[in-house]
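Have the structure open and follow along.

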Amino acid sequence: MAVKILVKGVSISYDGIEALNNVTIEFMEGKVTSVVGPNGAGKTTLLRCICNILKPKIGTVLLDGSEVSKLSLKEIARKIGYVPQIHSSHVPLTVFEVVLLGRRPYVNWSLSERDLKIAWSSLEKVGAKHLANRFFDELSGGERQKVLIARALAQEPEVLLLDEPTSNLDLKHQLEILGLIKNLAEKHNLTVVMAMHDLNLASRFSDYIVMLKNGRIFATGTPSQVLTAENIREVYGVEVKVLDTPHLFILPLRMLP
Amino acid sequence: MSESGYIQQTSRKVIILTLLAIAIPIFFSIAVSVGVVHIDPIEILTIIFAPNANLNPIAWAIIWNIRIPRALMALIAGATLATSGITLQGVLRNPLVSPFTIGVSLGASFGAALAIVLGVSLIGFGPYIIMANAFLFALIACLIALFIAKIKGMTSESVILSGIAMTYIFSALITLLQYVAQEWQLKMLVHWMMGDLALANWSRLYLITPSILICIPLFKYAWDLNSLMMGEEVARSLGTNPERTRFVCSILSALAVAIVVCITGPIGFIGLVAPHIARLIVGADYRFSMTCSFLLGAIILLSADTIARVIIAPIELPVGVVTAFLGVPLFVYLLLKARREIWR
């Protein structure tokens, strides 16, 4: 199993507040890794660092052994797809046009037949072909999320970064989206890193978990290694009961003072 | 169905753009044929295609020295204003933005006012002092605005707000000059600030031509503007640098508009509404909407100017008035008819 992304000694701060502090971590090729931790722990910052939207002051991010910060924006865009949590509130494009934006790193002006094919098959991969001619704004939250993932897939990336892909989704769509992501990782050898709030969903759909606390790595490993009652108490300040009924199940009990 | 739906929509857009492109020479011919002095159509054709034939010298002069340069100037000014308008709306992601948002028009007007009222000009000579001074102050206004915005990280809010700050300061300065101006100067200034194409001639046409050339590189940013529609983060992850795109597009647009405004005065409305009409007819993809805006700007300004010349001839209406009367009904109609809103 190969290391796809290596985050090496990364520190970053906004306005004097340290968001990441000496973070070193590896992400495995073709695996789904969830980054968990309380609000403000640095999950989004870590994702932004990996795709070079934020440039770390100290430390480097290596993709297949080469420094991401030395690549051009377009080169990064051909390797890393990013689906942020916050989107423009209003997008006056059709679904197919949104997915075609994923071809932006490859085109100068006109789209080739190949670009259209790739966009179409990306839409197919997320099971949203039927939405192609709808306007993006008219879609439900779950449909939008699928389209946004298809947009990132149209970049033909090797790495897919997702910031809380299931926030604002109902139960069924949460399962659908995460199942889809897991499936993409397995079928297309896509390396997935996602920031997650829901620990149960994270454990259910991830190969590895990275737990952050105050911008530092608190624990890494498989879901059952990381998501223990002790770790959760320490990081979230919440008393939980962890049940191991075929799947890991975390039941929050109470807040700790 | 597969990609065919998209291909169909695209070919529909290409047809619309082709029709608009064909409309330009038609409107141009009309603009050259009509005017206060009636010239026989056959005579016009002879003058245009056999300019050396010794015909009526007055008709020849009207066609070659007045109507043709004026029509060309209308096309260039309209296309430039509309292209800068849609580019700025795109980079600043705001539908209320016009090419004048970053302070260009008021800067230019102040420069003109200085030259008219105090006879002071920093550059230029003779008949060109108003133009040169207007250009200089248009540049000063937008460079100050962009410099302030750059300090604040070149966000769209910072560009818009510093542009508005420039607009207010220069409009206060103009008011001051109007206060001390004599009546004839005031009249001249008000006339200048309405904007018109009446002074068109070949030398002014040469001077305005760079503006449309500056607009051409803006089309290179169509995909960047497209990706910005999804928000800054997505744009960045797609390989667009939002700050750089905003900076380059704002500078180029401001420069192009400054050239137009110093020659024609601030012709409002086109740069605001042509982009909206363009989006309503070909959709938001900037590859099509920018091209459409470019063509529409040229067509609207040329037809407005033609109407302004002939409707109550021999008196000419200010072209800005006609653009509003012509464009607003079209705009409102498309707005009401539109299936959905482009901006919200």
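## Helix 1 of chain B and its neighbours

The buried residues of helix 1 of chain B pack against helix 3 and helix 4 of chain A, and also against helix 2 (41-49), helix 3 (57-92), helix 12 (270-282) and helix 13 (286-310) of chain B. Keep in mind that this is a predicted model.

Helix 1 of chain B covers residues 4-33, 30 residues in all. From first C-alpha to last it reaches 44 Å, close to the 44 Å expected at 1.5 Å a residue. Its buried residues include B:Gly5, B:Tyr6, B:Thr10, B:Lys13, B:Ile16, B:Leu17 and B:Leu20. Further along the helix, B:Ala23, B:Ile24, B:Ala31 and B:Val32 are buried too.

One of those residues deserves a second look. The side chain of B:Lys13 meets that of A:Glu97 in a salt bridge, 3.3 Å from N to O. Because B:Lys13 sits in helix 1 of chain B and A:Glu97 in helix 3 of chain A, this pair joins two chains. Are the two partners buried or exposed? Both B:Lys13 and A:Glu97 are buried.

## Where the two chains meet

Zooming out to the whole interface, 38 residues of chain A are in contact with 36 residues of chain B. Between them the two chains bury about 3300 Å², with 64% of that on carbon and sulfur atoms.

How many salt bridges does the rule find across the interface of chain A and chain B? It finds three. One salt bridge between the chains pairs the side chains of A:Arg48 and B:Glu233, at 2.8 Å from N to O. As for polar contacts, nine residue pairs count between chain A and chain B, both residues at pLDDT 80 or more.

On the side of chain A that touches chain B, the elements giving two or more residues are helix 2 (73-79), strand 6 (80-83), helix 3 (95-100), helix 4 (113-125) and helix 5 (141-153) of chain A. Helix 3 of chain A gives the most, with four residues. Sorted by class, that side of chain A has 22 nonpolar, eight polar and eight charged residues.

Side chains of opposite charge can pair when their charged atoms come close. Over all chains, a search of the whole structure finds 21 salt bridges. Here are some of them:

| Salt bridge | N to O distance |
|---|---|
| A:Arg48 and B:Glu233 | 2.8 Å |
| B:Lys13 and A:Glu97 | 3.3 Å |
| A:Lys70 and A:Glu67 | 3.4 Å |
| B:Arg70 and B:Asp305 | 2.8 Å |

Take the pair of B:Arg70 and B:Asp305, whose side chains meet in a salt bridge. The pair links distant parts of the chain, with B:Arg70 in helix 3 of chain B and B:Asp305 in helix 13 of chain B, 235 residues apart. B:Arg70 is buried, at a relative accessible area of 6%, and B:Asp305 counts as buried at 2% relative accessibility. Elsewhere, salt bridges that share partners tie A:Arg103, A:Arg114, A:Asp115 and A:Glu156 into one network.

A:Glu67 is partly exposed, at 26%.

One last stop is B:Ser158, found in helix 6 (residues 156-180) of chain B. Why does B:Ser158 count as buried? Its relative accessibility is 11%, and buried means under 20%. Leaving out residues up to four places away in sequence, B:Ser158 touches B:Ala149 and B:Lys152.

Methods: Residues are numbered from 1 along each chain as its sequence is written. Chains are lettered from A and ligands numbered from 1 in the order in which they are written. This is a predicted model: local features need pLDDT of at least 70, side-chain atom pairs count only at pLDDT 80 or more; totals for chains, interfaces and linings use all residues. Side-chain values use heavy atoms; hydrogens and water are left out. Contact means heavy atoms within 4.5 Å. Buried area is the accessible area (1.4 Å probe) that two parts lose on being put together, summed over both. A salt bridge is a side-chain nitrogen of Lys or Arg within 4 Å of a carboxyl oxygen of Asp or Glu. A polar contact is a pair of N or O atoms within 3.5 Å; within protein, one must be able to donate a hydrogen and the other to accept it, and residues adjacent in sequence count only if both atoms are side-chain atoms. Ala, Val, Leu, Ile, Met, Phe, Trp, Tyr, Cys and Pro count as nonpolar, Asp, Glu, Lys and Arg as charged, and the others, Gly among them, as polar. The expected span of a helix is 1.5 Å times one less than its number of residues. Buried means under 20% relative accessible area, exposed over 50%, partly exposed in between (1.4 Å probe, protein chains only).
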